[in-house]
Amino acid sequence: MARRTVNRMEKRAEHEAFERRKDEEETDEEEEEEEDEDEESDEEGEGDEESEAGGDEDEEEAGDEDDEEAPRKKAKPKPPPKVAKPKAKPRSRTVKVVRMRVVWGVFNNSHQMVASYPYPKRHDADAHATRLMTDKKQTHFVQPVKEPIPEEKTAEPEKPTKSKK
């Protein structure tokens with residue numbers, strides 16, 4: 001039986017979905033607890049009003065009113081769902097742009113550079129390749145090669161320091 005490779009992107013998405021559901025459940029439970037506390041405090045206040053009412057006729061009407069009042073709850077405005085800000089991607093360093101120059105390279109059959117010539121001296125590179133082919137009886141060819149230009153750091157002229165005497 002072949003072993004299935006793990007798709008890490010799918011696993012990551014599953015984990016993030018699980019975390020979101022878990023957070024939503026926690027916030028729902030907290031909201032329910034707050035609502036229950038609000039209801040209990042409301043019910044205590046209503047009980048005092050009923051005991052003051054007194055009377056048989058009022059009790060029936062009060063009973064009907066309790067039925068109507070019981071379903072009414074203080075609707076606590078739900079906070080708008082928190083919009084998760086997209087996580088900032090780590091800034092990658094921009095690679096320093098290296099200036100390149102083109103030179104002519106003389107290569108042998110195993111693609112090893114035998115010699116290199118500046119770009120304007122293509123005739124010299126061709127002549128070198130033909131000379132190597134006649135001397136060594138092997139194939140040599142000329143092809144352009146890009147190579148980085150070496151940075152020339154200009155040294156700042158040193159300022160003469162004044163010595164105290």
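This is a predicted model: local features need pLDDT of at least 70, side-chain atom pairs count only at pLDDT 80 or more; totals for chains, interfaces and linings use all residues.
**Reading a sheet, a helix and their aromatic pairs**

Colleague: Where is His128 found?

Modeller: In helix H3. If you skip the neighbours within four places in sequence, His128 is in contact with Val106, Ala115 and Tyr117.

Colleague: Before we go on, what does the secondary structure of the protein chain come to?

Modeller: Three helices and three strands. Going along the sequence, the protein chain reads α-α-β-β-α-β. Of its 165 residues, 10% count as buried.

Colleague: How do I read the strands? What is the order in the open sheet?

Modeller: The general idea is that strands of a sheet pair through backbone hydrogen bonds, in either a parallel or an antiparallel sense. Here, three strands make an open sheet in the order S2-S1-S3, with antiparallel pairing. S2 and S3 are the edge strands, as each pairs on one side only. On average, neighbouring strands of this sheet are turned by 35 degrees against each other, direction ignored.

Colleague: And what packs on the sheet?

Modeller: H3 does, touching S1, S2 and S3, and its direction makes about 135 degrees with that of S3.

Colleague: Let's zoom in on S1 and S2. Over how many bridges do they pair?

Modeller: Five, in the antiparallel sense. The two strands form a hairpin with four residues between them, and in the turn His111 has a positive phi of about 60 degrees.

Colleague: Which residue in S2 is the bridge partner of Val106?

Modeller: Ala115. Another residue to look up is Phe107, which stands opposite Met113 in S2. When you step along a strand like this, remember the general rule: in a regular strand the side chains alternate between the two faces of the sheet.

Colleague: What is Val106 in contact with, leaving aside its neighbours within four places in sequence?

Modeller: Quite a list: Gln112, Met113, Val114, Ala115, Tyr117, Ala125, His128, Ala129, Leu132, Phe141 and Val142. Our opening residue, His128, is on that list.

Colleague: Now the nonpolar core. Which residues does the largest one have?

Modeller: A core like this is a set of buried nonpolar residues joined through their side chains. The largest has eight residues: Trp104, Val106, Ala115, Tyr117, Ala125, Ala129, Leu132 and Val142. S1, S2 and H3 are the elements that give two or more residues to this core. H3 gives the most, with three residues.

Colleague: How many aromatic pairs does the structure hold?

Modeller: Two. To read such a pair, check how far apart the ring centres are and what angle the planes make. For Trp104 and Tyr119, the centres are 5.3 Å apart and the planes are at 15 degrees, so the pair is stacked. This pair links distant parts of the chain, 15 residues apart: Trp104 is in strand S1 (residues 100-108), while Tyr119 is in the loop between strand S2 (113-118) and H3.

Colleague: Why does Trp104 count as buried?

Modeller: Its relative accessible area is 9%, so Trp104 falls under the 20% cut-off. Tyr119, at 48% relative accessibility, counts as partly exposed.

Colleague: And the other pair?

Modeller: Phe107 and Phe141 are stacked too, with 5.6 Å from centre to centre and 20 degrees between the planes. Phe107 lies in strand S1 and Phe141 in strand S3 (residues 140-148), so this pair ties together parts 34 residues apart in sequence. Phe107 counts as buried at 9% relative accessibility, whereas Phe141 is partly exposed, with a relative accessible area of 24%.

Colleague: Back to Trp104: which residue has its charged end over that ring?

Modeller: Arg122, with its charged end 4.4 Å from the ring centre.

Terms used:
Residues are numbered from 1 along each chain as its sequence is written. Side-chain values use heavy atoms; hydrogens and water are left out. Rings of Phe, Tyr and Trp (its six-membered ring) pair if their centres lie within 6.5 Å; planes under 30 degrees apart count as stacked, over 60 as edge-to-face and the rest as tilted. Buried means under 20% relative accessible area, exposed over 50%, partly exposed in between (1.4 Å probe, protein chains only). A charge sits over a ring if NZ of Lys or CZ of Arg is within 6 Å of the ring centre and within 35 degrees of the ring normal. Two strands pair if DSSP finds at least two bridges between them. Axes are lines fitted to C-alpha atoms, for helices over the stretch in contact, and angles run from 0 to 180 degrees between N-to-C directions. Contact means heavy atoms within 4.5 Å. A nonpolar core is a set of buried Ala, Val, Leu, Ile, Met, Phe, Trp, Tyr and Cys residues joined through side-chain atoms within 4.5 Å.
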